[in-house]
Amino acid sequence: MPDTRAAGLPRTIGPAGKRLAAARLLVAVLWAGTLWALGYIAAPAAFAAVPSTVAGDVVASLLNRLGWVSLGCAALMLLLVRLSPDLDAVRGCSLNLLVLAMLACALVMWAGLQPAMAQLRELAGPSGVRASPHWTQFAVMHGVSQLFHVIESVLAAVLVLKSR
C-alpha cells in the first residue's frame, strides 16, 4: 500500500489509526502533566513545607525520575508519530520537532544542569548551598534550569494541542 502522506491524498483512518491517535494524545498528556505537576505543584510545595536542604534532595530525586519519564515519552511519541496513518508529512514533522525540542530541554536539565547543581550542593555540605561560596553559581544554574523547564512546559502544551 503506497504512503499517501507525502502525496497529500485523502485517506481513511481505521480503528488502528484511531487507537494510535489516542495513544499519541495520552503520551503527550502524561508527559505534559508530569512536567507541570512537578515543576509548578510538587517542587514549590516541597520548598514551602520542609527545610530547603531536605526539599532540594526530594526535588532532585523527582527531577531525576522526570528525566526518565521524558526519555520514555519522547521515544514513545516519536514511534507513535512514525506509525500514525492519520498524520500528513507536515503535521508529522511538526510533532517530531516539538518532541525533539522537548527532549533537548529535558536532556540539558537532566544530563547537564542537574548533575552540576548536585555537585555544588554536595560541596556546600550540611549548611546548604545558600551559605556556601558556590551560591551564585548554583543560583545561575537554577535560573537556567527553570528557564528550560518553562520552555519545555510551553512546548508540552503545544504538543498536547497538536497531538489531537
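A crossing of two helices is left-handed if the near helix is turned anticlockwise from the far one by less than a right angle. The model discussed here is predicted.

Q: Why are H1 and H4 called roughly antiparallel?
A: Look at the angle. H1 and H4 pack at about 155 degrees, and their axes are 9 Å apart. Angles over 145 degrees count as roughly antiparallel. H1 and H4 are therefore roughly antiparallel to each other.

Q: How do you know which way H2 runs relative to H3?
A: Use the angle again. The axes of H2 (residues 52-83) and H3 (residues 89-124) cross at roughly 155 degrees and come within 9 Å. The cut-off is over 145 degrees. That makes H2 roughly antiparallel to H3. Their crossing is left-handed.

Q: What makes Trp-36, Tyr-40, Ile-41, Val-150, Val-154 and Val-158 a patch?
A: A patch takes residues with over 30% relative accessible area and no salt bridge, and joins nonpolar side chains within 5 Å. These six form a nonpolar patch on the surface, with about 530 Å² of accessible area together. Helix H1 (15-49) and helix H4 (135-163) each give two or more residues to the patch. Ile-41, for one, lies in H1.

How values were computed
Residues are numbered from 1 along each chain as its sequence is written. This is a predicted model: local features need pLDDT of at least 70, side-chain atom pairs count only at pLDDT 80 or more; totals for chains, interfaces and linings use all residues. Side-chain values use heavy atoms; hydrogens and water are left out. Axes are lines fitted to C-alpha atoms, for helices over the stretch in contact, and angles run from 0 to 180 degrees between N-to-C directions. Helices (H or I, at least four residues) and strands (E, at least two) are DSSP runs, numbered from the N terminus. Angles under 35 degrees count as roughly parallel, over 145 as roughly antiparallel, 65 to 115 as roughly perpendicular and the rest as oblique. Patches are made of residues with over 30% relative accessible area and no salt bridge: like charges are joined within 9 Å, nonpolar side chains (Val, Leu, Ile, Met, Phe, Trp, Tyr) within 5 Å. Accessible areas come from the Shrake-Rupley method with a 1.4 Å probe; for residues, only the protein chains shown count as cover. A salt bridge is a side-chain nitrogen of Lys or Arg within 4 Å of a carboxyl oxygen of Asp or Glu.
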